[in-house]
Amino acid sequence: MHLDTFIDELERRCGREYRVRWSPRTRSFHVEQKVARTLDYPGNDDKAQRLRDGVRLVLDLGHPTEPCPRCERPVEAATFERAEVECPSCRALGWTVWVTTGYFPLVDKTLASLERWHPRLGEEPRAEMDAQNAALARSHTRHRDNVAESLALEHYSKIVGIPSVGYTKAGTPHSYGSYGL
Ligand SMILES: [Zn+2]
């Protein structure tokens, strides 16, 4: 099924608060549901984007194959469910390696599953999203405070002349910077 058709069908069956977004990070389509107000939130990762748009992740449509973490060969994914699949290449060599997979292709069966799992916009996801947003707003304030605090501290060290250079036991000065601290 073409992506546009899939999205049209999704909206028709589940509601217009549903959308499909390509995630460059997971390199897969994410089905998301609008549950909250938009929020001025920085960042470009999936979580930041979802918070900004007031949507929650309903389903990552996944990939037809997932690389085995040991041999890196592609392992055929379970379809229409999330499931652990054993890597056959590793098994042939006597290793037991489980790969987390789950592929939901753009077909009617995936739409039917979505319709069954997430029929309507309920109060529950909205409350969940509001709680998440509130927690984030709090941590945002905390982050701002921390930045202000560390800037103030840095400024303070400069004023009182605390050196940003460490000394080894032998007394040779070295910069903390060279140790990545
Ligand atoms: Zn393997």
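Trainee: Hi! Before I look at anything, what is a nonpolar core?

Mentor: Hello! A nonpolar core is a set of buried Ala, Val, Leu, Ile, Met, Phe, Trp, Tyr and Cys residues joined through C-beta atoms within 7 Å. Keep in mind that what we have here is a predicted model.

Trainee: Got it. Which residues make up the largest nonpolar core?

Mentor: Seven residues do: Phe6, Leu10, Cys14, Tyr18, Val31, Leu111 and Leu114. Helix 1 (3–14) and helix 4 (108–117) each supply at least two residues of this core. The largest share, three residues, comes from helix 1.

Trainee: Val31 is on that list. What is valine 31 in contact with, leaving aside its neighbours within four places in sequence?

Mentor: Its partners are Tyr18, Val20, Val58, Leu59, Leu61 and Leu114.

Trainee: Okay, let's step back. How many helices and strands are in the protein chain?

Mentor: The protein chain has five helices and nine strands. Going along the sequence, their pattern is α-β-β-α-β-β-β-β-α-β-α-α-β-β.

Trainee: And what share of the residues is buried?

Mentor: Of the 181 residues in the protein chain, 16% are buried.

Trainee: Now strand 2. Why is it largely enclosed by the rest of the structure?

Mentor: Strand 2 covers residues 28–34, and five of its seven residues are buried, so the rest of the structure largely encloses it.

Trainee: Which strands does strand 2 pair with?

Mentor: Strand 2 pairs with strand 1 (residues 18–23) in the antiparallel sense over six bridges. It also pairs in the antiparallel sense with strand 3 (residues 55–60), over five bridges.

Trainee: Can you give me some landmarks? What stands opposite tyrosine 18, and what stands opposite histidine 30?

Mentor: Tyrosine 18 stands opposite glutamine 33 in strand 2, while histidine 30 stands opposite aspartate 60 in strand 3.

Trainee: How many residues sit between strand 1 and strand 2?

Mentor: Four residues, and the two strands form a hairpin. Look at arginine 27 in the turn, which has a positive phi of about 50°.

Trainee: Last one! How far apart are the C-alpha atoms of alanine 137 and leucine 39?

Mentor: They are separated by 9.3 Å, although the two residues are 98 residues apart along the chain.

Definitions and conventions: Residues are numbered from 1 along each chain as its sequence is written. This is a predicted model: local features need pLDDT of at least 70, side-chain atom pairs count only at pLDDT 80 or more; totals for chains, interfaces and linings use all residues. A residue is buried if 20 or more other C-beta atoms lie within 10 Å of its own, exposed if 12 or fewer, and partly exposed in between; C-beta atoms are placed from the backbone. Two residues are in contact if their C-beta atoms, placed from the backbone, lie within 7 Å. Two strands pair if DSSP finds at least two bridges between them.
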